[in-house]
Amino acid sequence: MQDVLKSAAVASLGPKIVRNFKWSWVLYGVAAYYGIKYLNKRGILPKQTGALLGVIDHGIDAAKSQVGLAGKQTQNQISHVVH
């Protein structure tokens, strides 16, 4: 019974979330990520920025793995970090 209620809740909320989602924020985030990555590569930002980018990259890889978009190399890296 709980599974039925959960499925019904997801089915009714999903379209509302997608409809109200602002894709422009995703574009801003992507632009910021690659801007920070570029500035870090050029040595303009402090060394701690590299650690932050590593955490972000790990989160992206974990999300790809959850969705099933991760490549073989990415899945090996994630399993190495988890174990």
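Here is a short chat about a helix and its aromatic rings.

Tutor: Quick note: this is a predicted model, where local features need pLDDT of at least 70, side-chain atom pairs count only at pLDDT 80 or more, and totals for chains, interfaces and linings use all residues. Residues are numbered from 1 along each chain as its sequence is written, and side-chain values use heavy atoms, leaving out hydrogens and water.

Student: How far apart are the end C-alpha atoms of helix 2?
Tutor: Helices here are DSSP runs (H or I, at least four residues), numbered from the N terminus. The expected span is 1.5 Å times one less than the number of residues. Helix 2 covers residues 23-41, which is 19 residues, so it should span 27 Å. That agrees with its end C-alpha atoms, which are apart by 27 Å.

Student: What kind of pair do tryptophan 25 and tyrosine 28 make?
Tutor: Rings of Phe, Tyr and Trp (its six-membered ring) pair if their centres lie within 6.5 Å; planes under 30 degrees apart are stacked, over 60 edge-to-face, and the rest tilted. That rule gives two aromatic pairs. In this one the centres are 5.4 Å apart and the planes at 80°, so the pair is edge-to-face.

Student: Is tyrosine 33 buried or exposed?
Tutor: Buried means under 20% relative accessible area, exposed over 50%, and partly exposed in between (1.4 Å probe, protein chains only). Tyrosine 34, at 51%, counts as exposed. Tyrosine 33 has a relative accessible area of 14%, so this residue is buried.

Note on methods:
Helix = DSSP H or I, 4+ residues; strand = E, 2+ residues; numbered from the N terminus.
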